[in-house]
Amino acid sequence: MSKQSLMTAQEKEAYRIGYERGRQEGLKKASLLIQLLASDSSEFKENILQNSKEAVEMVRILTGKGE
């Protein structure tokens, strides 16, 4: 999609936000791929599980942080 085809400031801002979120997601996936290549796969799997949304939420609930 070409930036010139966007007409309004709102469309330009939506494009910028979407682009940045996609970029961040891509960087996150690249980081995970590098971790997988550099470490043992069971270590990598454990890291993914520990940082999942569900695990983070459970730790928050059990520790009382964020309340």
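The structure is a predicted model in which local features need pLDDT of at least 70, side-chain atom pairs count only at pLDDT 80 or more, and totals for chains, interfaces and linings use all residues. Residues are numbered from 1 along each chain as its sequence is written, and side-chain values use heavy atoms, with hydrogens and water left out.

**Salt bridges**

Side chains of opposite charge can pair when their charged atoms come close. A salt bridge is counted when a side-chain nitrogen of Lys or Arg lies within 4 Å of a carboxyl oxygen of Asp or Glu. Three salt bridges are found in a search of the whole structure.

| Salt bridge | Separation of the closest N and O atoms |
|---|---|
| Arg-16 with Glu-13 | 2.6 Å |
| Arg-23 with Glu-20 | 3.2 Å |
| Glu-57 with Arg-60 | 2.6 Å |

The helices named here are DSSP runs (H or I, at least four residues), numbered from the N terminus. Helix α1 holds both Arg-16 and Glu-13, which stand three residues apart, about one turn of the helix. Arg-23 and Glu-20 also lie in helix α1, three residues apart, again about one turn. Glu-57 and Arg-60 belong to helix α3 (residues 53–63) and are likewise three residues apart, about one turn of the helix.

Accessibility is described in classes: buried means under 20% relative accessible area, exposed means over 50%, and partly exposed lies in between (1.4 Å probe, protein chains only). For the next pair, Arg-23 has a relative accessible area of 41% and is partly exposed, while Glu-20 is partly exposed at 31%.

**The largest pocket**

On a 1 Å grid over the protein atoms alone, a pocket is an open set of points where a 1.4 Å probe fits, with protein on both sides within 12 Å along at least five of seven lines; lining residues have an atom within 4 Å of a point. The largest pocket contains about 180 Å³ of space, a volume being the space filled by probe spheres set on the points. Its lining consists of Lys-28, Leu-32, Asn-47, Ile-48, Asn-51, Ser-52 and Lys-53. Helices α1 (9–38) and α2 (41–50) are the elements that give two or more residues to this lining. By residue class, the lining comprises two nonpolar, three polar and two charged residues. Here Ala, Val, Leu, Ile, Met, Phe, Trp, Tyr, Cys and Pro count as nonpolar, Asp, Glu, Lys and Arg as charged, and the others, Gly among them, as polar.
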